[in-house]
Amino acid sequence: MPGPSASLGSLGVGFGIVTAFVLVVIAAAGKKGWTRYRHAGDDSSTVPSHHKDTPEDRHRFLGLATVLLAALSAVATLYVAMAVAILGNCG
């Protein structure tokens, strides 16, 4: 059984792999939201509007919210990963 001063090397590598996987999943969710934001409705050449109360505008808004939440989740995940990488072993 390792003591309090044992190295967290393998745990750090595993944490890095899990972090990379989570970032890929977040990016996929963000891409899906971006696609919904840009391609909902009939005219996708301009920036979509959210001012009308139509089903298309609600889907565009949900797509934009998905993109913004995915970006926030990616930043939060990177901050947690930075804390683990910087602290390494605390012993």
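A residue counts as buried when its relative accessible area is under 20%. Arg60, at 9% relative accessibility, is therefore a buried residue. What you're looking at is a predicted model. The protein chain has 2 helices and 0 strands, and buried residues make up 18% of its 91 residues. Here's a quick tour, topic by topic.

**The chain as a whole**

- Helix 1 covers residues 9-39, and helix 2 covers residues 55-87.
- Take the contacts between residues at least 6 apart in sequence: 56% of them join residues at least 24 apart.

- The partners are Arg60 and Asp57, whose side chains meet at 3.2 Å, N to O.
- In general, side chains of opposite charge can pair when their charged atoms come close.
- Both Arg60 and Asp57 sit in helix 2, 3 residues apart, which is about one turn of the helix.
- Is Asp57 buried or exposed? With a relative accessible area of 6%, Asp57 is buried.
- Arg60 is buried too, as its 9% relative accessibility puts it under the 20% cut-off.

- You'll find 1 aromatic pair in the structure.
- That pair is Trp34 with Tyr37, and the arrangement is tilted: the centres are 5.5 Å apart, with 50° between the planes.
- Trp34 and Tyr37 both belong to helix 1, and a spacing of 3 residues puts them about one turn of the helix apart.
- Trp34 has 46% relative accessibility, so this residue counts as partly exposed.
- Tyr37 has 9% relative accessibility, so this one counts as buried.

**Where the helices touch**

- Thr19 is a helix 1 residue, while Thr77 is found in helix 2.
- Which residues does Thr19 touch, leaving out those up to four places away in sequence? They are Thr77 and Ala81.
- Thr19 is buried because its relative accessible area is 11%.
- Thr77 also counts as buried, at 18% relative accessibility.
- Val22, another residue of helix 1, is partly exposed, with a relative accessible area of 30%.
- How far apart are Val22 and Ala74? They are 52 residues apart in sequence and 8.5 Å apart in space, C-alpha to C-alpha.

- Val75, Tyr79, Met82, Ile86 and Leu87 make a nonpolar surface patch of about 560 Å².
- One of these patch residues, Leu87, is in helix 2.
- Is Leu87 buried or exposed? Its relative accessible area is 55%, so Leu87 is exposed.

How values were computed:
Residues numbered from 1 in each chain as written. Predicted model: local features only at pLDDT ≥ 70, side-chain atom pairs only at ≥ 80, totals over all residues. Heavy atoms only, no water. Phe/Tyr/Trp six-rings, centres within 6.5 Å; stacked < 30°, edge-to-face > 60°. Helix = DSSP H or I, 4+ residues; strand = E, 2+ residues; numbered from the N terminus. Buried < 20%, exposed > 50% of the residue type's maximum accessible area, 1.4 Å probe, protein only. Patch = residues over 30% accessible without salt bridge, like charges linked within 9 Å, V, L, I, M, F, W, Y side chains within 5 Å. Areas by Shrake-Rupley, 256 points an atom, 1.4 Å probe, with all protein chains shown as cover. Salt bridge = Lys/Arg side-chain N within 4 Å of Asp/Glu carboxyl O. Contact = heavy atoms within 4.5 Å.
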